[in-house]
Amino acid sequence: MVETWWGGLLLPPVLVAFAVAGAAFDSVLTARAAGAPARPLRSVVGLLAQRRRRTAAADALLWRGGAIALVVAAVLASAATPLGHHVVGDLSVGVVWFNAMEVVAWAAVWLVGWGSNSAFPLVSGYRFVAQGLAYELPHMFALITAALGAGSLRVGDVVAAQRDVWFVVWMPVAFLVYLVSVPAMAFFRPFDQAAGADAGGGVLAELSGVDRLVFIAGRWLLLVSGAAMAVPLFLGGGSGPLLPGWAWSVVKTAAVLALLVWAGRRFPTIRVDRFQEVAWLVLLPATLVQALFVSLVVVAR
Amino acid sequence: MWRDVVFWACAVLAVGAAVAVFRVDSMARATFALLASFIATAVTVLLLDLAYLGVLVVLMMVMEMVVMAVFMVMYMMNPAGLMPMTMVHNQRGALAIATGVFLLLATGVLVTPWPESAAPRPADPARQLGEALMGDRMPTMIVLGLALFATMVSTVVLATDRGRYDRFGDRLDRDHPHDPTSGGLGR
Amino acid sequence: MDLTAWLLRRTPPCVFVLTTPGGDLVRFAVERVVRERGWRAADSPAEANVLAVAGPRTPDFDQYVERVWESMPGPRARTHITEASEAANALAEAAARMRDVVRQKADSPSPTPRRTASSGSDMEHSASCADHSGHGHHMSDMEMPGGIPMADRGEDRDGLRLDVLHVPLGPALPHWPAGLVVHTTVQGDVIRAARVELLAGDRTSWRAAVPGLVHRLDHAARLLAVAGWADAAATGRRLRDRAVDGATPSGVDGWARRVRRSRVLRWTLAGVGGHDGGDALTRLHGWLAGHDAAVPVDVLPDLLVGTELAAARLTVASLAEEVRAGG
């Protein structure tokens with residue numbers, strides 16, 4: 001892995017480019033379902049032109065702070081994610097770093113829901129915390145399983161350990177659980193109850209203008225960060241024939257992101273109350289068995 | 001040099017945020033001021049090259065503070081601080097205890113003969129720290145961890161309002177539990 | 001160059017539709033225009049820049065319209081459409097006003113909402129964009145900072161004493177039956193008590209004007225939208241709009257099959273709003289199969305008490321047809 005100082009400058013624009021591409025793909029799919037002309041990203045213009053608003057007795061500091069925390073955490077989460085052989089910082093505990101940054105979403109979404117002092121966003125903020133309690137443990141065990149296979153928490157080592165066989169081949173359960181938990185942590189379809197239409201847009205219900213744009217951007221960046229991390233953890237990082245490493249990373253990340261965006265539209269919202277038992281009684285034991293299997297393989301080798 | 005700057009910035013931030021916990025009148029703000037204080041502390045841990053511990057402090061504290069905020073808000077009459085309220089109770093006693101503890105710790109810091117060593121830092125200080133703390137007491141620590149976990153589970157079991165007899169009937173013969181809301185699998 | 005003007009010219013209309021009792025045919029037309037032009041339908045007034053009131057003018061409704069209008073941040077424009085045939089022109093004209101720089105600069109909504117006790121808390125304001133009259137008598141006489149009264153407390157379903165809020169649902173909610181207000185008492189998102197109010201208006205006579213298929217498609221699409229399956233809901237509304245024209249749209253069977261086959265949908269709807277041996281899922285399947293079952297609206301409070309907000313929304317959406325029967 002090569003760490004470069006300009007990697008830190010390049011990281012935000014790369015993530016934003018992925019987020020923009022994902023949002024554009026999503027709006028094309030929306031337009032196709034509605035039988036209407038696709039105008040991707042026009043709503044960004046609308047949000048720039050829209051006034052900000054306040055609600056009575058809102059906690060503006062926490063309200064705005066939550067949205068900014070979401071964006072910052074989503075970008076920082078990718079600091080240890082390599083693009084080919086380049087990485088901003090190949091931390092010795094990169095996997096835990098990713099996990100710690102992505103958990104900031106718990107606080108951020110709850111704060112945005114709380115700060116506006118309005119019933120629907122408040123309820124939706126709590127919904128996300130409940131969703132967090134459902135997806136987080138299976139998600140952590142999926143991450144740990146990949147780290148276990150490599151015997152290291154360093155993302156560079158995890159990639160190196162997949163030189164012969166990608167982890168997705170012998171850790172399919174962990175990979176699937178990871179793919180489920182990424183949209184859950186980004187409260188993206190079908191785990192979008194925190195931003196559900198049944199609650200007037202949920203935590204988004206009172207946000208307008210730039211505040212709304214920042215929050216939605218943070219959500220997309222978080223989804224991109226999650227999709228990007230799947231590549232070094234399970235899909236062999238930048239390895240592949242012909243193309244250079246960074247190109248393979250881009251291709252694989254785009255594929256995972258497109259899969260998440262496309263698949264999310266095929267299901268209704270999975271409500272937290274229905275997901276809770278599935279997470280604790282199916283996903284968690286499944287990841288534990290997967291981790292046990294990987295440990296046995298590692299010990300036997 | 002830059003370590004000194006970061007350390008002092010984090011130290012000031014940690015203490016400032018900790019003071020804010022008792023100055024604000026909203027539970028949400030108090031909780032997240034406490035979180036800011038913990039995160040500043042985590043950065044000082046990172047400065048000691050204890051990457052795992054530092055990042056873990058951030059990870060655990062974010063989750064814990066969010067859960068704490070939920071409970072604090074749930075139990076407080078006035079969680080959002082719409083009414084004037086104070087976070088401080090028993091001021092005199094608290095002041096005396098806090099001053100006493102601070103003096104004790106500060107004295108300890110100043111009079112302890114800290115070892116100085118010319119040896120280079122180990123490659124993985126977190127591992128060294130773990131071995132120094134636990135070392136040959138590892139089985140004890142493992143048992144302790146299990147005991148802690150068992151205590152938590154049994155506390156929840158004892159505290160819960162609804163046990164399996166409420167859910168599955170006195171003879172445990174219901175196919176589907178009586179729940180206010182289905183958990184998704186009907187278990 | 002004036003950046004605001006440049007941005008405004010390119011701002012896509014985002015329409016918040018508010019349906020008056022009996023205004024559903026107009027709503028169909030509005031939703032159709034919004035969808036076919038690639039505009040967005042807003043989930044909340046904060047998101048919207050065009051307010052479209054659809055349906056006949058009724059006396060009680062103005063207060064709700066005003067409240068939604070007040071909570072739209074601007075740029076903004078409003079229009080009241082009473083005939084389905086006027087929808088396209090009225091919306092285009094409203095969109096043009098929304099993009100008019102001079103007009104929008106003159107129109108500056110107060111950035112801070114009113115903070116008097118009479119306007120109620122924003123808690124209620126935004127939840128329904130609606131009724132404020134309902135909560136005064138529940139509160140103590142104490143005036144609080146920000147004009148927001150303290151919440152009451154009461155036993156919750158787990159035996160704790162928790163805050164009680166009075167949140168009216170409707171009539172200004174997307175995917176919600178026209179002219180229905182459910183005054184709820186909630187703890188967190190669990191409904192502890194509910195009272196149904198039907199706003200005055202002729203809510204039945206328009207129904208005879210279109211075939212039953214239109215109603216069923218609209219109800220199914222609404223339930224799917226509340227369930228969070230936006231694509232299936234959009235397809236259902238496209239089919240509905242073709243059925244309004246009198247044609248029997250070709251894709252209905254394929255769409256119905258897809259909806260019926262969705263395991264996740266079955267799993268998420270089963271057991272929600274159970275009444276008389278049926279639930280939200282069986283009612284949806286009934287609509288897909290061409291049945292119109294009627295459940296009187298006065299059972300609604302019983303169905304809602306004890307449910308969480310999401311389940312309550314699904315329950316109401318699954319009774320859409322029945323609200324008419326009771327009203």
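**A helix contact and its surroundings**

A: In chain A, the residues A:Leu15, A:Phe18, A:Ala19, A:Gly22 and A:Ala23 of H1(A) meet A:Ala217, A:Trp220, A:Leu221, A:Leu223, A:Val224 and A:Ser225 of H9(A). Contact here means that C-beta atoms, placed from the backbone, lie within 7 Å. Nine residues of this contact are nonpolar, two are polar and none is charged; Ala, Val, Leu, Ile, Met, Phe, Trp, Tyr, Cys and Pro count as nonpolar, Asp, Glu, Lys and Arg as charged, and the others, Gly among them, as polar.

This is a predicted model, in which local features need pLDDT of at least 70, side-chain atom pairs count only at pLDDT 80 or more, and totals for chains, interfaces and linings use all residues. Residues are numbered from 1 along each chain as its sequence is written, while chains are lettered from A and ligands numbered from 1 in the order in which they are written.

Helix H1 (residues 5-34) and helix H9 (residues 209-234) of chain A pack at about 105°, their axes 9 Å apart. Therefore H1(A) is roughly perpendicular to H9(A) (65 to 115 degrees). Axes are lines fitted to C-alpha atoms over the stretch in contact, with angles from 0 to 180 degrees between N-to-C directions. Helices are DSSP runs (H or I, at least four residues), numbered from the N terminus.

Chain A also touches chain C, with 50 residues from chain A and 56 from chain C. The chain C side divides into 27 nonpolar, 15 polar and 14 charged residues.

Methods:
Helices (H or I, at least four residues) and strands (E, at least two) are DSSP runs, numbered from the N terminus. Angles under 35 degrees count as roughly parallel, over 145 as roughly antiparallel, 65 to 115 as roughly perpendicular and the rest as oblique. Two residues are in contact if their C-beta atoms, placed from the backbone, lie within 7 Å.
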